[in-house]
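Please work through the exercises below with the sequence and the model at hand, and try each task before reading its solution.

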Amino acid sequence: MALIFEFCQRIQEQPSSIALRESVYMYPLVESVHVLSLCVFLGLVGMMDLRLAGIGNSDMPVSHLQRQLFPWQMVGLVLMVGSGVLLFYAEPLRFYGNVFFRAKFVMMGLAVINAAVFHFGSYKNVAAWDFERVPPRAVRFAGVCSLVLWVGIVFAGRLIAYNWFK
Amino acid sequence: MLLPFFQWCETSSLGSAIRDSVWLFPVVEAVHLVALALIGGAVLMVDLRLLGCTLRRESATQVARNAQPWLVGSLTVLLVSGVFLFSSEALKCYYNPPFWAKMTALFLAIVYTFTIRRRVLENTDRFTQGRLQVVAAVSLILWSSVGVAGRFIGFY
């Protein structure tokens, strides 16, 4: 942990980090990109999750929807991670000790694990349930888990700005 | 002219309740953001289809039919949570140019989505591919203006 803290300190002292932190337009602009890419990435992941959960987009085959939305989800992901890294880079020490920031990372880890388990598990035999309006229980579970985790991530992300536990 | 109304909102019991609570404003803000993500998905899926960028095997009409409940649902949550947020800082909003920009863009986006865009989506075969792309582009510009202006309320 001490190592990560020192790393954050090192970044915080960088001239480029200071410049971004103190910029009048750049910082708000990067935050706006982060919010807009939230719509692209999370919005389209959400559309997929609703399909998996059996509550939305029900008349489109799962594998087809997945293949069609995937490239756009990735566009959103790149923008989201890129702008997120910049926001962190601007003031790492503010985030380092923030309990909501840490919670956000734990939940993002869980969301990745959930996606991987689904992708290498139930999704392998998608052909068997591709057209079912309400997919099998394990698939619905993965969809609901993803939705719940991402809602949690958005909450934690928003709450980073309100650090009640210093 | 509208100032008395904003003052009334600010002093309403809803406004003061949110101001008096430490966690209510942030939580409503987070709800607002979750609904924003969802409306983003519902709008984008349809507009990308109109642009010819995704789901070309399905008709735009079919994609729009699938997205419709999520569009209406998330917009409802956005409007309700937005009124909550607004009432707690109505006077700040009154003197905040990004707020007025957002309200203008929001009004145009809602009217456009539920009139022109809806009509076009019901009869896509009557329009050329180029026209459909323009319809989608206008929608994307309007809705992203709402999002960006909203973010700037907090910066101004």
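**Exercise 1.** State how much accessible surface chain A has, and which share of that surface belongs to carbon and sulfur atoms.

*Solution.* The model is a predicted one, and the accessible surface computed for chain A comes to about 8,800 Å². Of this surface, 72% belongs to carbon and sulfur atoms. Turning from the surface to the residues, 47% of the 166 residues in chain A are buried.

**Exercise 2.** Describe the secondary structure of chain A and the box that its C-alpha atoms fill.

*Solution.* Begin with the count, which gives seven helices and zero strands for chain A, and then read along the sequence, where the pattern is α-α-α-α-α-α-α. Finally, consider the contacts between residues at least 6 apart in sequence, of which 78% join residues at least 24 apart.

**Exercise 3.** Locate Ile153(A) in chain A, and decide whether Ile153(A) is buried or exposed.

*Solution.* First find the element: Ile153(A) lies in helix H7, which spans residues 137-159 of chain A. Next take the relative accessibility of Ile153(A), which is 4%; because buried means under 20%, Ile153(A) counts as buried. Then look for its partners beyond the neighbours within four places in sequence, and Ile153(A) is found in contact with Lys104(A), Met107(A), Met108(A) and Ala111(A).

Conventions:
Residues numbered from 1 in each chain as written. Chains lettered and ligands numbered in written order. Predicted model: local features only at pLDDT ≥ 70, side-chain atom pairs only at ≥ 80, totals over all residues. Heavy atoms only, no water. Helix = DSSP H or I, 4+ residues; strand = E, 2+ residues; numbered from the N terminus. Buried < 20%, exposed > 50% of the residue type's maximum accessible area, 1.4 Å probe, protein only. Contact = heavy atoms within 4.5 Å. Areas by Shrake-Rupley, 256 points an atom, 1.4 Å probe, with all protein chains shown as cover.
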